[in-house]
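Trainee: I would like to go through the labels on this model and ask what each one rests on. Please set the values against the cut-offs.

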Amino acid sequence: MTGKKADITLADAGYHSGANLAACEERKQIVAIPESQERRANPPYHNDFIYDADTDSYACPSGQTLNFSRSACDK
């Protein structure tokens with residue numbers, strides 16, 4: 001319409017992929033694309049953590065140790 005290229009391109013999550021991001025980088029195109037809904041819908045759950053009875057701790061999926069710190073009860 002104006003003949004000027006946009007400074008930044010906005011796209012919905014459906015366009016978030018490695019191939020699309022690489023193509024934008026190759027064109028030196030600045031983009032804003034949220035992560036895909038599928039990726040955000042699948043966070044780690046409690047059954048992804050591994051309990052170690054010897055240390056009374058859990059290991060998260062990325063291998064970090066989660067130690068017990070306190071318990072609380074809200075009424």
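Mentor: Start with Asp56, whose place is in the loop between β3 and β4. Two of its values are worth checking, the phi angle and the relative accessible area.

Trainee: What is noted about the phi of Asp56?

Mentor: Asp56 has a positive phi of about 50°, although Asp56 is not a glycine. The model is predicted, so local features need pLDDT of at least 70, side-chain atom pairs count only at pLDDT 80 or more, and totals for chains, interfaces and linings use all residues. Residues are numbered from 1 along each chain as its sequence is written, and side-chain values use heavy atoms, without hydrogens and water.

Trainee: Is Asp56 called buried, exposed or partly exposed, and why?

Mentor: Its relative accessible area is 44%. Buried means under 20%, exposed means over 50%, and partly exposed is in between (1.4 Å probe, protein chains only). The value of 44% therefore makes Asp56 partly exposed.

Trainee: Where else is there a positive phi on a residue that is not a glycine?

Mentor: Lys28 has one, at about 55°. Lys28 is found in the loop between α1 (18–26) and β2 (31–32). At 75% relative accessibility, Lys28 counts as exposed.

Trainee: What makes three of the strands a sheet, and in which order do they lie?

Mentor: The order is β3-β4-β5, in an open sheet with antiparallel pairing. The edge strands, β3 (50–52) and β5 (65–67), each pair on one side only. Neighbouring strands of this sheet are turned by 30° against each other on average, direction ignored. That angle refers to axes fitted to C-alpha atoms (for helices, over the stretch in contact), taken from 0 to 180 degrees between N-to-C directions.

Trainee: Is Ser57 buried or exposed, and why?

Mentor: Ser57 lies in strand β4. Its relative accessible area is 5%, so Ser57 is buried. Apart from neighbours within four places in sequence, Ser57 is in contact (heavy atoms within 4.5 Å) with Ile50, Tyr51, Asp52, Thr65, Leu66 and Asn67.

Trainee: What makes the pairing of Ser57 with Thr55 a polar contact?

Mentor: The two side chains meet at 2.6 Å. A polar contact is a pair of N or O atoms within 3.5 Å; within protein, one must be able to donate a hydrogen and the other to accept it, and residues adjacent in sequence count only if both atoms are side-chain atoms. The distance between Ser57 and Thr55 is 2.6 Å, so it passes the cut-off.

Trainee: Why is the link between Asp7 and Lys4 called a salt bridge?

Mentor: The term requires a side-chain nitrogen of Lys or Arg within 4 Å of a carboxyl oxygen of Asp or Glu. The side chains of Asp7 and Lys4 meet at 3.6 Å, N to O, so the label applies. Asp7 is exposed, at 61%, and Lys4 is exposed too, at 60%. A search of the whole structure finds 1 salt bridge.

Trainee: What makes Ala13 buried, and where does it lie?

Mentor: Ala13 lies in the loop between β1 and α1. Its relative accessible area of 11% makes Ala13 buried. Ala13 and Glu35 are 22 residues apart in sequence and 5.6 Å apart in space, C-alpha to C-alpha. Tyr15 lies in the loop between β1 (9–10) and α1. Leaving aside neighbours within four places, Tyr15 is in contact with Asn20 and Ile33.

Trainee: How many of the residues count as buried?

Mentor: Of the 75 residues, 7% count as buried. Among contacts with a separation of 6 or more, residues 24 or more positions apart account for 4%.

Technical notes:
Pairing = 2+ DSSP bridges. Helix = DSSP H or I, 4+ residues; strand = E, 2+ residues; numbered from the N terminus.
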